[in-house]
Amino acid sequence: MSRHIIQTDKAPAAIGPYSQAVRAGDTVYLSGQIPLDPSTGLLVEGDIGAQARRSFENLKAVCEAAGGSLSDIVRLGLYLTDLDNFAAVNAVMGEFFKAPYPARSTVEVSGLPRGAGFEVDAVMVLD
């Protein structure tokens with residue numbers, strides 16, 4: 001099975017030795033997206049809601065570059081530096097996803113790249 005690398009300028013460039021996403025067969029593995037503005041490469045300002053919104057927008061752009069959409073995501077991983085922000089992130093996620101929802105895990109972590117408070121990664125399946 002061949003791998004196809006997914007890259008778009010509508011999401012931040014990778015800040016390390018990894019791809020924004022990799023397609024293998026009908027499955028697309030999307031790397032973590034933190035709240036970086038793709039035009040500046042800088043962390044967005046604002047509360048956790050603004051950070052989550054930018055991260056989901058970045059994820060959406062990579063999904064579209066791979067030929068899919070957020071509705072094709074089957075699994076999400078959410079990473080927060082403060083689990084007290086769980087409800088706020090859920091509210092933002094509700095702006096981007098409708099039932100039936102993907103499977104999901106949510107983990108509190110001690111730190112994220114560039115001092116972000118939120119990161120999201122995903123697995124998408126295309127027909």
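This report describes the strands, helices and a few single residues of a predicted model.

Residues are numbered from 1 along each chain as its sequence is written, and side-chain values use heavy atoms, with hydrogens and water left out. Because the model is predicted, local features need pLDDT of at least 70 and side-chain atom pairs count only at pLDDT 80 or more, while totals for chains, interfaces and linings use all residues.

## The sheet

Strands (E, at least two residues) and helices (H or I, at least four residues) are DSSP runs numbered from the N terminus. Strands of a sheet pair through backbone hydrogen bonds, either parallel or antiparallel. Here two strands count as paired if DSSP finds at least two bridges between them.

Six strands make up an open sheet with mixed pairing, in the order S1-S2-S3-S6-S4-S5. Strand S1 (3-6) and strand S5 (103-108) are the edge strands, each pairing on one side only. On average, and with direction ignored, neighbouring strands of this sheet are turned by 15° against each other. Axes are lines fitted to C-alpha atoms, for helices over the stretch in contact, and angles run from 0 to 180 degrees between N-to-C directions.

| Strands | Bridges | Facing residues |
|---|---|---|
| S2 and S3 | four bridges | Val22 and Tyr29 |
| S3 and S6 | five bridges | Leu30 and Ala122 |
| S4 and S6 | seven bridges | Ile73 and Met124 |

Strand S2 covers residues 21-24 and strand S3 covers residues 27-33. S6 is mostly covered, since six of its eight residues are buried. Buried means under 20% relative accessible area, exposed means over 50%, and partly exposed lies in between (1.4 Å probe, protein chains only).

## The two helices

Two packed helices are described by the angle between their axes and the distance between the axes. For helix H1 (residues 48-65) and helix H2 (residues 86-96), the angle is about 35° and the axes are 9 Å apart. Their crossing is right-handed; a crossing has this hand if the near helix is turned clockwise from the far one by less than a right angle, and is left-handed if anticlockwise.

Contact means heavy atoms within 4.5 Å. On the H1 side the residues that meet H2 are Ile48, Gly49, Ala52, Arg53, Phe56 and Glu57, and on the H2 side they are Ala88, Val89, Val92, Met93, Glu95 and Phe96. Eight residues of this contact are nonpolar, one is polar and three are charged. In this scheme Ala, Val, Leu, Ile, Met, Phe, Trp, Tyr, Cys and Pro count as nonpolar, Asp, Glu, Lys and Arg as charged, and the others, Gly among them, as polar.

The length of H1 can be checked. The expected span of a helix is 1.5 Å times one less than its number of residues. The 18 residues of H1 should therefore span 26 Å, and this agrees with its end C-alpha atoms, which are 26 Å apart. Buried residues of H1 include Ile48, Ala52, Phe56, Leu59, Val62 and Cys63. The cover over the buried residues of H1 includes S1, S2, S3, S4, H2 and S6.

## Single residues

Leu30 lies in strand S3. Leu30 counts as buried because its relative accessible area is 5%. Leaving aside neighbours within four places in sequence, the contacts of Leu30 include Leu59, Val62, Cys63 and Ala122. Leu30 and Arg114 are 84 residues apart in sequence and 19 Å apart in space, C-alpha to C-alpha.

Arg114 sits in the loop between S5 and S6. Arg114 is partly exposed, because its relative accessible area is 49%. Most residues other than glycine have a negative phi, and most peptide bonds are trans. Arg114, although not a glycine, has a positive phi of about 60°. A cis peptide bond, with omega about 0°, joins Ala99 and Pro100. Pro100 is in the loop between H2 and S5.

Val125 belongs to strand S6. Val125 is partly exposed, because its relative accessible area is 34%. Not counting residues up to four places away in sequence, Val125 touches Asp26, Thr27, Asp72 and Val74.

Ala24 is in strand S2. Leaving aside neighbours within four places in sequence, Ala24 is in contact with Met1, Ser2 and Tyr29. Ala24 and Ile48 are 24 residues apart in sequence and 33 Å apart in space, C-alpha to C-alpha.
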